[in-house]
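Dear colleague,

Please find below the structure that I am handing over to you. A short account of the findings follows it.

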Amino acid sequence: MELTLTLNGKKMSRLIEPGVLLLDFLRGEGCCSVKRGCETSNCGLCTVFLDDVPVLSCSILAARVQGRRVTTLEGLRQEAEELATFIAAQGAEQCGFCNPGFMMNAIALLREKEEPTVEEIRAYLAGNLCRCSGYEGQLRGILAFIEWRKKKRGGAQ
Amino acid sequence: MIGIRDYKRAATLEEAYQLNQKRGNRLLGGMLWLKLSRNSVQTAIDIGGLGLDKIEETNEGLRLGAMVTLRQIELDEKLQTYGGGAFREAVGRIVGVQFRNLATLGGSIYGRFGFSDVLTLFLALDAEVCLYKRGRVPLRDYAALPYDRDIITHLLLPKAAPLAVAYRSARLTKTDFPLLTCACAVKSDALQIAVGARPGKALLLSGLEKYAGRRLDEEEIEEIAHHAATTVPTGSNTRGSAAYRTHLVQVLCARALRDCFRKEDGCGADADS
């Protein structure tokens, strides 16, 4: 079947098998930031944006994104790089395997809410599992990023 | 993992219904549970383009489309007004935001899963299930029906919102399947309590008529909680024993009832179980 979508800002059409998952389709298109993790819809490694909403690409058929916008970490260059600097500064990446999915969901949160509380950050990121870090470094990184962004925006006014 | 041979985006409910009558075909909700099955599906039927993703106020009550996601339920202002935070409490601990952006109300209700937070809450709220062919069926009856090939189009919540609603669950970790769930709805003429994840599917507590339509004191709350613990059947699985669950029935029922009457006082509720 033919699938037409906008991937990372580029409109494209591809012939796909009807049963292919979005995760496999995206990796086939070279979006290697999208990781295969638990495959039971629990770990958040495969998080992408579907029309700006974070979803698990391991749990949706590629066919279902017909005519829609899909964004992976590759499509969020500057936004992701800025946040990643703060996560890395806290040593919160460690093996790094969960990082793309974690970054995607953190960006989704920070788009939804400019200054989330610690509790809101923890709740929003509860669907992103990391088996290295214990989450504290990532939390510090996000808080530091929020503070930096606030100052940057304040300075720009 | 499931294998899917063909995919069809239905243009109408009738088309979806006709396709769904074929044995090897399956209707897609959020697909999160279906994906884990080992079945082979001939045609996956997608009803995502039929406008069933809205939460609307109608003359008959609040109408939620089958394709409304759990995340919509968590955030919708109309539902928060209707249930005073119980909706957020019931779905907000289900895995993660990305999961809840895919999981659908219709899929949760059709599955009638034992672990379902959604089924527990909607049972207590006296919801009705709107089926494409069969029409409206009270959720309490639908929960007992065998799986069939009709299509859930909507869930309907009664127009008169309860005076107070509370939801409690116990989990081993925050985003795990629940060990036990409990929802209470206090109405002007009835008290409804549903208990789920027993680990069997949620059921409504009977024998509460004498407590309906009035404020309950602490002694009566304890009496109801004890009644729940002695009448709700529980079982054991890897998450907990039947005895532990029975203990939780009593504890969560009492807490949910207290939440309800605190809410009636306008004091809000601390929902941590």
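Cys253(B) touches Cys182(B), Ile193(B), Ile224(B), Ala225(B) and Ala228(B), leaving aside residues up to four places away in sequence; two residues are in contact if their C-beta atoms, placed from the backbone, lie within 7 Å. This is a predicted model, in which local features need pLDDT of at least 70 and side-chain atom pairs count only at pLDDT 80 or more, while totals for chains, interfaces and linings use all residues. Residues are numbered from 1 along each chain as its sequence is written, and chains are lettered from A and ligands numbered from 1 in the order in which they are written.

Cys253(B) and Cys184(B) touch the most other members of the largest nonpolar core, which has 134 residues. Such a core is a set of buried Ala, Val, Leu, Ile, Met, Phe, Trp, Tyr and Cys residues joined through C-beta atoms within 7 Å; buried means that 20 or more other C-beta atoms lie within 10 Å of a residue's own. Helix α10 (residues 242-264) of chain B provides the largest share of this core, nine residues. Helices are DSSP runs of H or I with at least four residues, numbered from the N terminus.

Chain B is divided into domain 1 (55-158) and domain 2 (165-264), with bounds from an automatic or database domain assignment. Between these two domains of chain B, 23 residues of domain 1 are in contact with 24 residues of domain 2. To the side of domain 1 that touches domain 2, α7(B) gives the most, with six residues. In α7(B), eight of eight residues are buried.

Yours sincerely

Technical notes. Helix = DSSP H or I, 4+ residues; strand = E, 2+ residues; numbered from the N terminus. Buried ≥ 20, exposed ≤ 12 C-beta atoms within 10 Å, placed from the backbone.
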